[in-house]
Amino acid sequence: MRSVGIAQGDDAKKAAIAQIEEGLALLEEAFAKCSKGKAFFGGDQIGFLDIAFGCFLGWLRVTEKMSETKLLSEAKTPALLSWAHKFCSHPAVKDVMPDTEKLAEFSKTILARMRGAAPPKS
């Protein structure tokens, strides 16, 4: 996802987004195999894989926002889209998921530093 933020030019961004989409397609398949039709990777309850992938959801949302591209969608990743909704609305998770807007502002600072520029003023 970082490669989308640091990509220079439209072609580079499109290539980076394509890589993310390929990875999400693999995760879609893995989810189908692991979950066996249940809500989470390990079944009915949140498990290790859910937490591991769930840690990236905030950044995935920021990447979607900044690239103006839906990466989790009903058309390409319906099971992951449903999983993400269930994961983020779970009582153990919903109060600790980062706010997309705040994370996007933070990412602008990180990207500016990676590019060697001054961070944006809030």
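Lys and Arg count as positive here, Asp and Glu as negative, and His and the chain ends are not counted. The place of a charge is NZ of Lys, CZ of Arg, CG of Asp or CD of Glu. On that basis, the protein chain has 17 positive and 15 negative charges, and their mean positions lie 4 Å apart.

A word on the source. This is a predicted model, where local features need pLDDT of at least 70, side-chain atom pairs count only at pLDDT 80 or more, and totals for chains, interfaces and linings use all residues. Residues are numbered from 1 along each chain as its sequence is written, and side-chain values use heavy atoms, with hydrogens and water left out.

Now the fold. We have 6 helices and 0 strands, with helices being DSSP runs of H or I, at least four residues, and strands runs of E, at least two, numbered from the N terminus. The C-alpha atoms fill a box of roughly 45 × 30 × 20 Å along the principal axes. Of the 122 residues, 34% are buried, meaning under 20% relative accessible area with a 1.4 Å probe, protein chains only.

Next, contacts, meaning heavy atoms within 4.5 Å. Take those between residues at least 6 apart in sequence: 63% join residues at least 24 apart.

Last, one residue. Where does Ile6 sit? Ile6 is in helix α1, residues 2-6.

Definitions and conventions
Buried means under 20% relative accessible area, exposed over 50%, partly exposed in between (1.4 Å probe, protein chains only).
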